[in-house]
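Please read these notes with the model open beside you. They go point by point, and each point takes up one topic.

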Amino acid sequence: MFFSVVIPTYNRKPILEKCLRALEQQQFDPIDVERYEVVVVDDGSTDGTVDWLHASVAQFPHVKLLQQEHQGPAAARNLGVEKAAGDTIIFIDSDLVVTETFLQSHASGLLKGKKDLGSDRLFTYGRVINTCNFDDPTSEPFKVTDFSQAFFATGNVAIARIWLEKAGLFDTRFQLYGWEDLELGVRLKQLGLKLVKCPEAVGYHWHPPFTLKQIPNLIEKEYQRGRMGVLFYQKHPTWEVRMMIQMTWLHRLLWGILSLGGLLNERTMAPFLQWLINQGKPQLALEAARIFLNWYNVQGVYAAYAELRQTHEV
């Protein structure tokens, strides 16, 4: 296999450096992996990412840098696939730090999956472990909250480029936060592709420790995810998609009850969240904040759906 690791990035220079250094330290069997490249697509960063990469060419011999105006990760990944030289694409995010056997694990998973299924209609999905430890991200253990049921998520996935091209790549109308990868996953499933889990291909997803200052941005992301969820449902109007985007009476009831109809929100929960943070438990504080974040997401998706229906009626 010739792997092309496609990484969209936007203003993440410090963690991108750790991401790229980890990819330069790969150990693999040349029988399975012929060679690899790392295609970094800068999505209009303003933090000096491009200048830094130009100045660091000697340190990252596998990196191929592409640039575009800020258009979002869907367009960035499409550009990366179009310019990639490999027959197999690996998608990761620029805040993911992988282990030394990352590429080999995906290669082994793809080969074993093809043998077991008797078909090449498959892709491998690696394990993503969330961490806020910037100095040593790979020291974080796997947690229950790291478990994912997503069919196709670009945080850590390997797939033959032929299937991406047949499915039509990412829909660039997904310019706000969320769903562009899962929507492509629906089209891949329609082509008969199977998910092969590959927990040996580990990536550590770094994010800064949760603080109350992040809440406005997190709320905005939930509203954006709601709007993009409606676009997802427009393309695939199924009950399965409604469940995924939380546009059901069940989700409305669940998060309405848990948030006490919105009474538990960023203002009323702030003292408790800050107490958890002060106790050295920022991740637990973030999980508690999801009570009202999910409520905002449900509100956002229904508001966007009502707006869509009103537009169609007019």
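**Notes on the model**

1. Start at asparagine 297. Setting aside neighbours within four places in sequence, asparagine 297 is in contact with Glu222, Arg225, Gly226, Ile245 and Gln246. Contact means heavy atoms within 4.5 Å. Asparagine 297 lies in helix H11, residues 282-313. Its relative accessible area is 1%, so asparagine 297 is buried. The classes are: buried, under 20% relative accessible area; exposed, over 50%; partly exposed, in between (1.4 Å probe, protein chains only).

2. A word on the source. This is a predicted model, in which local features need pLDDT of at least 70 and side-chain atom pairs count only at pLDDT 80 or more, while totals for chains, interfaces and linings use all residues. Residues are numbered from 1 along each chain as its sequence is written, and side-chain values use heavy atoms, with hydrogens and water left out.

3. Now the whole protein. It has eleven helices and eight strands. The radius of gyration is 20 Å, close to the 20 Å that the globule rule gives for 314 residues, so the protein is as compact as a globular protein of that length. That radius is taken over C-alpha atoms, and the rule is 2.2 Å times the number of residues to the power 0.38. Helices (H or I, at least four residues) and strands (E, at least two) are DSSP runs, numbered from the N terminus. The C-alpha trace spans about 60 × 45 × 40 Å along its principal axes.

4. Next, burial and contacts overall. Of the 314 residues, 52% count as buried. Take the contacts between residues at least 6 apart in sequence: 80% of them join residues at least 24 apart.

5. Which residues cover the two faces of strand E4? Thr88, Ile90 and Ile92 lie on one side, Ile89 and Phe91 on the other, and all are buried. Five of the five residues of E4 (residues 88-92) are buried, so this strand is largely enclosed by the rest of the structure.

6. E4 has two partners to look at here. Strands pair if DSSP finds at least two bridges between them. Strand E1 (residues 2-9) pairs with E4 in the parallel sense, over four bridges. There, valine 5 stands opposite isoleucine 90. Strand E7 (residues 156-160) runs antiparallel to E4, and five bridges join them. In that pair, threonine 88 faces alanine 160.

7. Strand E6 (residues 122-131) is mostly covered, with eight of its ten residues buried. E6 pairs with strand E8 (residues 194-206) in the parallel sense, over ten bridges. E6 and E7 run antiparallel and share three bridges. Look at tyrosine 125. Its bridge partner in E8 is lysine 197, and in E7 tyrosine 125 stands opposite valine 157.

8. Is leucine 65 buried or partly exposed? At 23% relative accessibility, leucine 65 counts as partly exposed. Leucine 65 sits in strand E3, residues 63-67. Leaving aside neighbours within four places in sequence, leucine 65 is in contact with Val40, Asp42, Val50, Leu53 and His54. Aspartate 51 is 14 residues away along the chain, and its C-alpha atom is separated from that of leucine 65 by 11 Å.
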